[in-house]
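Dear colleague,

Please find below the structure that I am handing over to you. My findings follow directly after it, and I would be grateful if you read them with the structure open.

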Amino acid sequence: RTDSGGWRISGTKRYISNVENATHGLVLVDATYGRRSGPTVFLVPLTSACVTKAGHYGKLGTDSVGAWRLVFDCEVSDGCRLGPIGAGLAVLLGALRYERMAVSCAMLAGARHALSLSVEFLRQRESQGGRLYELSTLSHRAAEAWVDLQASAALLEQLVDRDEQGVASDADYAAVKFHAATTAQRVTDTALQFLGGRGVDRRPG
């Protein structure tokens, strides 16, 4: 801790997501100089000159979100500290609840959009003298995907209600995120199968 009452943070964070878009970062640090205590979390401006983007990690799979290495050597005020000293994990777990709900919303919205595009394609595409959507095998699969999305969205809405009432548990948040993820994967896979090669083609149309 500095003489002015602030904090000097030094060290490196690796594999950090969304650095190119974020203005601030949550940083877990040892604020007790090695004494037996948990980490403390700070909200650090990433636009500061004392935070260096030291490298970008290329990934073998999907690279939709960047992964960066950040080097910190800066002084921040005590107002940047979130929660009590040593309670950083508890603070982050509390924030993780809302992250799980937000991610669930995003996954279901993306899957719903994918299904909408694929169903529109089935309605327009003609094969063997009729529209693909008229084939019961395909229309039934589309209906089943829609039902899956509705069920997952209902679970998410129920979680939001429980959160507002203050009765939701950590398991509730984790379960809803897992259900949304598996539903989104299954529905998106169905949509890609409907679209065929168009589902993975970057070109419009």
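Ser 152 belongs to helix α2, which spans residues 136-165; helices here are DSSP runs of H or I with at least four residues, strands are DSSP runs of E with at least two, and both are numbered from the N terminus. The model is a predicted one, in which local features need pLDDT of at least 70, side-chain atom pairs count only at pLDDT 80 or more, and totals for chains, interfaces and linings use all residues. Residues are numbered from 1 along each chain as its sequence is written, and side-chain values use heavy atoms, with hydrogens and water left out.

With a relative accessibility of 2%, Ser 152 counts as buried (buried is under 20% relative accessible area, exposed is over 50%, and partly exposed is in between, with a 1.4 Å probe and protein chains only). Not counting residues up to four places away in sequence, Ser 152 touches Leu 108, His 179, Ala 180 and Thr 183, where contact means heavy atoms within 4.5 Å.

As for Leu 115, its contacts beyond four places in sequence are Ala 142, Ala 145, Trp 146, Leu 149, Val 187 and Ala 191.

I turn next to the strands. In β2 (residues 24-29), Gly 25, Val 27 and Val 29 form the covered face, whereas His 24, Leu 26 and Leu 28 form the uncovered one. In a regular strand, side chains alternate between the two faces of the sheet. Strand β2 pairs with β3 (residues 40-45) in the antiparallel sense over 6 bridges; two strands pair if DSSP finds at least two bridges between them. Within this pair, Gly 25 has Val 44 of β3 as its bridge partner.

There is also an open, antiparallel sheet of 3 strands in the order β1-β5-β4. Its edges are β1 (7-17) and β4 (51-57); each has a single partner strand, so one side of each lacks a neighbour in the sheet. Strands β4 and β5 (residues 67-76) run antiparallel and are joined by 6 bridges, and Thr 52 stands opposite Val 71 in β5.

Two backbone angles deserve a look. Most residues other than glycine have a negative phi. Tyr 15, however, has a positive phi near 55°; Tyr 15 is located in strand β1 and, at 57% relative accessibility, is exposed. The phi of Asn 18 is likewise positive, near 60°. Asn 18 sits in the loop between β1 and β2 and is partly exposed at 36% relative accessibility.

Finally, how many disulfides are there? The count is 0, a disulfide being a pair of cysteine sulfur atoms within 2.5 Å. The cysteine sulfur closest to that of Cys 80 is in Cys 74, 8.8 Å away, which is too far for a bond. Cys 80 is buried, at 17% relative accessibility, while Cys 105 is partly exposed at 40%.

With kind regards
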